[in-house]
Amino acid sequence: MPRQLFVNARIAPMAGGIAVADGQVIAEENGFITHVGPRDALVERRDDVVVDCGGRLVTPGLIDCHTHIVHAGNRSREFELRLAGASYEEIARSGGGIASSVRATRAASETELVASALPRLDHLLAEGVTTIEIKSGYGLELASERAMLRAARQLGRERGVTVRTSFLGAHALPPGATDKDAYIDEVCSQMLPTLAAEGLVDAVDGFCEGIAFSPQQIARVFDVAQRLGLPVKLHAEQLSNLGGAALAARYGALSADHLEHVDEAGVRAMAAAGTVAVLLPGAYYFLRETVAPPVALLRRYGVPIAIATDCNPGTSPLTSILLTMNMAATLFRLTVEECLLGVTRHAAGALGLSATSGSIAVGKSCDLAIWDAETPAELVYRMGFNPLHSRISKGRS
């Protein structure tokens, strides 16, 4: 394949902050970046393919590092109930919540799961996303969890997007089950080893919460993940503080996510472990929560902050990474720089992809978003407006 030169670009590489360099060129070969800098510093070839960016802003392709986009059905009725005053916990305990999505997802074929997820994925790609994490967790039995993870892999193939899968078997107790420990036994002895052996699992996740699983139960799952050589992530401290963040850090987790109720001990542990904090403003907004993640505490300890849509049918039916950035700024008071790093460099860290993604640098995948925008701040400040000009994934539009 001939080399591509993306010329006349205003590059915000996200290697550090959000500084923009004018009149730059990015060289791509075989899907990877081989040069970033002034054009006169590059020896050009006769067969180079030149792509004129027209002076547009170029950032790394965006990364949505926490999603549940593979599922069947929707929970609009629960939205109505919540508007009428029902809490998340009340809905879950009455058979709604995750259990509702489990019933719908189990009834869907793998083909149907792919078909229903494609529109959600396409919305994200249209806003410059080139890498996405997709969780299981609405099957809660081996066959359905397998179907979800296989559907996630198929989405990557169909759209040419990098997909990282997370096995979320420890998401909730399956409908009809009453013994959490017995279900965790099944996750640890059957589901996780089988799906990992089939190559369907990139990371292992769990939901550490009173309505889900205790730290001790999650630790059993993480012990198996460690034996299998799989990294872990955790839904932690969303509704209460059970010490999930510290637990995640003890296992060297890639990320701890939500974190509305995390305390200083949990943040200190995350900082020591290098665990990324993934904040999810869509769920905070949708559930009308009032306790925001302690951003000042995360900053004080130098914990990297990523943000993501948390696209899911019950608590964050959000398919806009651009709106997610605006929400993170307005609801959590993140800076423009924190928001943009949160969907690029730090999001890559939350997926274990720092070596290959998240910034525009030599040796990294040529994943780019080219914007009709003057400054990076425009990507955070606008609401309901998409300035994407073109999206490049592994060097291809």
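This note comments on the overall fold and the pockets of a predicted model.

1. Overall make-up. The protein contains 15 helices and 15 strands. Its radius of gyration is 21 Å, close to the 21 Å that the globule rule gives for 397 residues, so the protein is as compact as a globular protein of that length. The C-alpha trace spans about 70 × 40 × 40 Å along the principal axes.

2. Burial and surface. Of the 397 residues, 57% count as buried, that is, they have under 20% relative accessible area. The accessible surface of the protein comes to about 14800 Å², and carbon and sulfur atoms hold 52% of this surface.

3. The largest pocket. This pocket holds about 310 Å³ of space. Its lining has 20 residues, and those nearest the centre are Ala 92, Arg 93, Ala 172, Leu 173 and Ile 211. Helix H1 (76-83), helix H2 (88-93) and helix H3 (98-106) each give two or more residues to the lining. The largest share, 4 residues, is from H2. By class, the lining has 10 nonpolar, 5 polar and 5 charged residues.

4. The second largest pocket. About 200 Å³ of space lies here. The residues that line this pocket include Arg 82, Tyr 88, Glu 89, Gln 238, His 261 and Arg 288. Which classes make up the lining of the second largest pocket? The residues divide into 4 nonpolar, 4 polar and 4 charged.

Note on methods. Residues are numbered from 1 along each chain as its sequence is written. This is a predicted model: local features need pLDDT of at least 70, side-chain atom pairs count only at pLDDT 80 or more; totals for chains, interfaces and linings use all residues. Side-chain values use heavy atoms; hydrogens and water are left out. On a 1 Å grid over the protein atoms alone, a cavity is a set of points where a 1.4 Å probe fits but cannot get out, and a pocket is an open set with protein on both sides within 12 Å along at least five of seven lines; lining residues have an atom within 4 Å of a point. Grid points are joined across faces, edges and corners, and a volume is the space filled by probe spheres set on the points. Ala, Val, Leu, Ile, Met, Phe, Trp, Tyr, Cys and Pro count as nonpolar, Asp, Glu, Lys and Arg as charged, and the others, Gly among them, as polar. The radius of gyration is taken over C-alpha atoms; the globule rule is 2.2 Å times the number of residues to the power 0.38. Buried means under 20% relative accessible area, exposed over 50%, partly exposed in between (1.4 Å probe, protein chains only). Accessible areas come from the Shrake-Rupley method with a 1.4 Å probe; for residues, only the protein chains shown count as cover.
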